[in-house]
Amino acid sequence: MTAVDALVLTGPRELERRSFSRPDIGEDDGILRVEACGLCGTDHELWAGLLPSRYEFVPGHEIIGVVEELGPVAEQRWGVRAGDRVAVEVFQRCGRCGPCASGDYRWCEHHGLRDQIGNIDVQRAPGIWGGYATHLYLPPDSLLLPVPEGMDPVLATVFNPLGAGLRWTQEVGQVGDGDVVAVLGPGMRGLCSAVAAKEAGAGFVLVTGAGEQDRARLELARDFGADLVVDVLEQDPRVALKAATGGLADVVVDVTANAPAAFPQGIGLARPRGRMVVAGTRGPEAMVPISPDRIVFKELTIVGAVGVDAPAYERALAIIAGGRYPFEAIDRQVADLDATSDLLGMMSGEQGGARPTHGVVVP
């Protein structure tokens, strides 16, 4: 095989199918045959132009595939062999800088946020840096995680949002036994944050959504650990939470996308001296009306969260394999490369009608 088919995002709502030369693999790199790539909220925000990009690139970062070829040095470093099914970490790590040495490789001085898989300039050879493609190039600083044997690759793409939920809720949010947790947003990362809260011992979990588009997702959230679900267009979540628990949330986890109103709502849901994790993006032009005095008088801790890490992904794969939560039953839409643009339109809400909770590209 000498060619790789891929979709290149050339501008808002413009995905162009291109053919790339398959790169020659040396001693320290490899190539992956992409089996499935989950769609993140960031994907449809990039597609819609809500998150701008300065260059063309192959999107897709929730990648599951089979290692097709790799060099002997890469094989030893990654601990995998040709034929193994793996999940691909979004971040690259050099292994030499201070952040990598401390385990916080998301802030690698040689890679960091600018070198995330699924958002690398297509002009950088060999161009195939994302999951909307039949194959993905694996550079030397890749990080691969073995997928449990027999796990369906489409289901396995949940490793990414579940890993995010685990890190944002448990590590950043520090949810503990008996905590009251409010999760803002009932998409994949919201459902996964509810799971993470329950896995951490939370005593009560609220999940919020907004309007008809979130109704089915809110009902689904009950199967993923939610004790209470609230449509914020119909009910004040603060009033509902106080009625159900007698108080407010110890931890608020905001995973909403392009929803500025959720941020002040989260501040209102947090108890005095509570903690709020902000992981959803609003876009570069979003302005959020808040009263800083509410943060002062509550002595809130508000912390941003970006990305996941390998330990969280490993725990996520184990939870999926354990079958305690019905991830396989989620409303899921699968598309090939030709139908990916339509799926992104559905996920972004631009095409109207019910949005699938989970979208997956199968090249």
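Student: What makes β9 and strand β10 (residues 228-231) a parallel pair in this predicted model?

Tutor: Two strands count as paired when there are at least two bridges between them. β9 and β10 have 4 bridges and run in the parallel sense, so they meet that cut-off. For a spot to look at, find Gly209, which stands opposite Asp231 in β10.

Student: And how does the chain get from β9 to β10?

Tutor: Through helix α7 (residues 215-221), in a β-α-β crossover that is right-handed.

Student: Why is that called right-handed?

Tutor: Picture the strands pointing away from you: the path from the first strand over the helix to the second runs clockwise, so the name is right-handed.

Student: Which strand pairs with β9 through 5 bridges?

Tutor: That's strand β8 (residues 180-184), again in the parallel sense. Val181 stands opposite Val205 in β9. Here the chain crosses from β8 through helix α6 (residues 188-199) to β9, and this crossover is right-handed too.

Student: Why is β9 (residues 204-209) described as largely enclosed?

Tutor: Because 6 of its 6 residues are buried, and buried means under 20% relative accessible area. Phe204, Leu206 and Thr208 cover one side, while Val205, Val207 and Gly209 cover the other.

Technical notes
Residues numbered from 1 in each chain as written. Predicted model: local features only at pLDDT ≥ 70, side-chain atom pairs only at ≥ 80, totals over all residues. Heavy atoms only, no water. Buried < 20%, exposed > 50% of the residue type's maximum accessible area, 1.4 Å probe, protein only. Helix = DSSP H or I, 4+ residues; strand = E, 2+ residues; numbered from the N terminus.
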